[in-house]
Amino acid sequence: MDSLDFHKEFLSKRAKKITKEILEKSSEKAKQDKSFSEKLARGKLKIIILADNKEEGVPGEFTINLRGKIQELGFPCALGSEYYNQMEDCFDEDIETEIGLNNVIILLNGRNPVLVGESKMTRLIENWKNKTLFFFQYETEEELKARAVNKEFPIDFKYPIPYTNLADLEAKTLFGVLHWHYYKYRHRDKIYVECKENIGNKDEQQI
Amino acid sequence: MNNKFKYSENPINNMASNGTFEELFLNLDSLQIMYFLAEKNPNLAINFIAKNTRINEETVTSLITQMIAKQLVTYNEEKKGYTLTRVGLASLYNFHKGYVENEQN
């Protein structure tokens, strides 16, 4: 799965203007920057957004915009629908395997947490559950409390995050992604294994 | 005649990889290759990359080997070409935003 139009488009427009002198200066600047390793490491955190876009779920346009904002932060991010479109001749199992290769799964489900197949997958597979940020909607604080008391929310997920409206959902998703990255990077998660060599003392890091 | 690509036909498979992820972004030849791949993606042959970047084929092969080891580049057996991956594009984007963009303006 190698489609990443946002970053490709951004780079292909600028690649022609790159000169050796510019690269020399940039490389020198990078060498002196303490957060160089962390900035590059963002590229290693593969993210996928799975969303229920039907009925009371989040609108499709919102998920596309959200993907763009995550990509702007420097993370490779794809939508579940892209996997299904590009692998339309493949078995569902193969698509699920590909989806499972992502490091973070963002599951946006509105009020219908069991409508889509991926939602079921994220509950069934332990490895998926532990890397899923699950967002669900509520309207009032009273409702949220009542839902917790009455167990009216999916208890399978390690990270269930309630949201009120789309602006709240966007802010919490971006916060969640960045926090995940900083936390995993600081705790030397295996996905950043190549960056370990340059991490040095944790306290010296600018994150 | 079997047209299937043989593993041993790909010269880079037998080369050892070295250099860290970060070092590939501090090496000028490597950066040049990545920018070229980003512009022309996907499925580029080694000799095409070498000719257009004016870096000798041996160096290109060695650097591409290291990029594959770091999951920055993949090889397509059918099309016999190299492609910058999601990770490669996003990491180069981060490098560009952090250090190149200001130099260009």
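# Welcome to this two-chain model

Gln71(B) sits in the loop that runs between helix 4 (57–69) and strand 1 of chain B. Helices here are DSSP runs of H or I with at least four residues, strands are runs of E with at least two, and both are numbered from the N terminus. This is a predicted model, in which local features need pLDDT of at least 70 and side-chain atom pairs count only at pLDDT 80 or more, while totals for chains, interfaces and linings use all residues. Residues are numbered from 1 along each chain as its sequence is written, and chains are lettered from A and ligands numbered from 1 in the order in which they are written.

**The two chains**

- Chain A contains 10 helices and five strands.
- Of the 207 residues in chain A, 33% are buried (20 or more other C-beta atoms within 10 Å of the residue's own; 12 or fewer is exposed, in between is partly exposed, and C-beta atoms are placed from the backbone).
- In chain A, 70% of the contacts between residues at least 6 apart in sequence join residues at least 24 apart; a contact means that the two C-beta atoms, placed from the backbone, lie within 7 Å.
- Chain B has five helices and two strands, arranged along the sequence as α-α-α-α-β-β-α.
- Buried residues account for 40% of the 105 residues of chain B.
- Among contacts in chain B with a separation of 6 or more, 53% are between residues 24 or more positions apart.

**Where the chains meet**

- The contact between the chains draws 38 residues from chain A and 33 residues from chain B.
- On the side of chain B that touches chain A, the elements giving two or more residues are helix 1 (21–24), helix 2 (28–40) and helix 5 (86–104).
- Helix 5 of chain B provides the largest share of that side, with 16 residues.
- By class, the side of chain B that touches chain A has 16 nonpolar, 11 polar and six charged residues (nonpolar: Ala, Val, Leu, Ile, Met, Phe, Trp, Tyr, Cys and Pro; charged: Asp, Glu, Lys and Arg; polar: the others, Gly among them).

**Helices crossing between the chains**

- Two packed helices are described by the angle between their axes and the distance between the axes.
- Helix 2 (residues 20–32) of chain A packs against helix 2 of chain B at an angle of about 120°, and their axes are 10 Å apart. Axes are lines fitted to C-alpha atoms, for helices over the stretch in contact, and angles run from 0 to 180 degrees between N-to-C directions.
- The crossing of helix 2 of chain A with helix 2 of chain B is right-handed (near helix turned clockwise from the far one by less than a right angle; left-handed if anticlockwise).
- Lys20(A), Leu23(A), Glu24(A) and Ser27(A) make this contact from helix 2 of chain A, with Leu28(B), Leu31(B) and Gln32(B) from helix 2 of chain B.
- Sorted by class, this contact has three nonpolar, two polar and two charged residues.
- Helix 1 (residues 5–15) of chain A also crosses helix 2 of chain B, at roughly 115°, with axes that come within 8 Å.
- Helix 1 of chain A is therefore roughly perpendicular to helix 2 of chain B (65 to 115 degrees; under 35 is roughly parallel, over 145 roughly antiparallel, and the rest oblique).
- Helix 1 of chain A and helix 2 of chain B have a left-handed crossing.
- Here Lys8(A), Leu11(A), Ser12(A) and Ala15(A) of helix 1 of chain A meet Tyr35(B), Ala38(B) and Glu39(B) of helix 2 of chain B.
- The classes in the contact of helix 1 of chain A with helix 2 of chain B are four nonpolar, one polar and two charged residues.

**The nonpolar core**

- The largest nonpolar core holds 64 residues, and Ile47(A), Ile106(A) and Leu37(B) have the most contacts inside it. Such a core is a set of buried Ala, Val, Leu, Ile, Met, Phe, Trp, Tyr and Cys residues joined through C-beta atoms within 7 Å.
- Helix 5 of chain B gives the largest share of this core, eight residues.
- Leaving aside residues up to four places away in sequence, Ile47(A) touches several residues, including Ile70(A), Phe75(A), Val104(A) and Val177(A).

**Spots to look at in chain B**

- Gln71(B) is not a glycine, yet has a positive phi of about 60°.
- Gln71(B) is partly exposed because it has 17 other C-beta atoms within 10 Å.
- Lys80(B), in the loop between strand 1 and strand 2 (81–84) of chain B, is not a glycine either but has a positive phi of about 50°.
- With 14 other C-beta atoms within 10 Å, Lys80(B) counts as partly exposed.
- The peptide bond from Asn41(B) to Pro42(B) is cis, with omega near 0°, and Pro42(B) belongs to the loop between helix 2 and helix 3 (46–53) of chain B.
- Tyr75(B) is part of strand 1 (residues 73–76) of chain B and is partly exposed, with 16 other C-beta atoms within 10 Å.
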